[in-house]
Amino acid sequence: VGLVEVQCCWLVPGKRGLLLMGCCCGAAELGLRTVRALFESEAPALLAKAASVATAAGGRLPMILPRDSDLHINVEHEYRPVGCLYTMGAAFVALLSLVLGRRPPGEVLVFGGVGNLGSLSGVATPLSGQYVRAAFEAGYRRVFIGATCKVSEEAAAEAEAVGEDGRPRVSFIRKHTIMDVAAAVFGLEGA
């Protein structure tokens with residue numbers, strides 16, 4: 001088990017290109033390109049909900065990729081190159097964080113692949129207890145997963161165990177789409 005961090009920034013000068021770096025393989029790179037395309041088509045709806053963003057940008061929504069910039073996505077993972085698509089949800093949230101100019105809450109973890117229409121999915125095998133332990137030890141208390149993501153009995157028991165603060169160690173928050181996840185992470189639900 002290894003947790004992955006996805007970071008996004010603009011690099012200037014640039015020609016609106018996409019630079020992928022870090023510890024990922026071909027499938028993960030394809031997934032990140034898919035996320036970028038989905039983000040460019042779906043993010044304006046989220047940004048419209050964030051009135052403060054539009055106000056800060058002089059009444060207009062910020063550009064997803066400014067004209068003189070390249071988008072740099074870096075995947076940090078210490079275990080081995082990421083070869084699957086479970087980082088796609090995290091990449092979408094990282095892109096929204098960049099455009100909003102706000103970091104997501106530190107206790108939030110997003111797990112799952114993202115379909116072409118924005119659905120959030122899990123992986124073939126259920127999340128393990130080891131995954132929950134690693135998430136909790138790293139300080140993640142709210143884990144967003146797809147509505148159909150499987151969670152093993154061991155993982156559910158690990159998550160429900162009470163931490164020193166009296167709260168469950170990890171709360172699984174199921175969402176159907178990455179748009180729902182992104183809205184919840186940044187407090188844009190119902191905005």
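Mentor: A salt bridge is a side-chain nitrogen of Lys or Arg within 4 Å of a carboxyl oxygen of Asp or Glu. Keep that in mind for this predicted model.

Trainee: What makes Glu 158 and Arg 169 a salt bridge?

Mentor: Their side chains meet at 2.9 Å, N to O. The cut-off is 4 Å, so the pair qualifies.

Trainee: Which parts does that pair tie together?

Mentor: Glu 158 lies in helix H5, and Arg 169 in the loop between H5 and strand S8. These parts are eleven residues apart in sequence.

Trainee: Why is Glu 158 called buried?

Mentor: Its relative accessibility is 18%. Buried means under 20%, so Glu 158 counts as buried. Arg 169, at 17%, is buried too.

Trainee: What does Arg 133 pair with in helix H5?

Mentor: Arg 133 meets Glu 158 in a salt bridge at 2.9 Å, N to O. Arg 133 is in helix H4, and the two are 25 residues apart. Arg 133 also forms a salt bridge with Glu 154, with the closest N and O atoms 3.5 Å apart.

Trainee: Is Arg 133 buried or partly exposed?

Mentor: Arg 133 is partly exposed, at 27%. Glu 154 is partly exposed as well, at 44%.

How values were computed
Residues numbered from 1 in each chain as written. Predicted model: local features only at pLDDT ≥ 70, side-chain atom pairs only at ≥ 80, totals over all residues. Heavy atoms only, no water. Buried < 20%, exposed > 50% of the residue type's maximum accessible area, 1.4 Å probe, protein only. Helix = DSSP H or I, 4+ residues; strand = E, 2+ residues; numbered from the N terminus.
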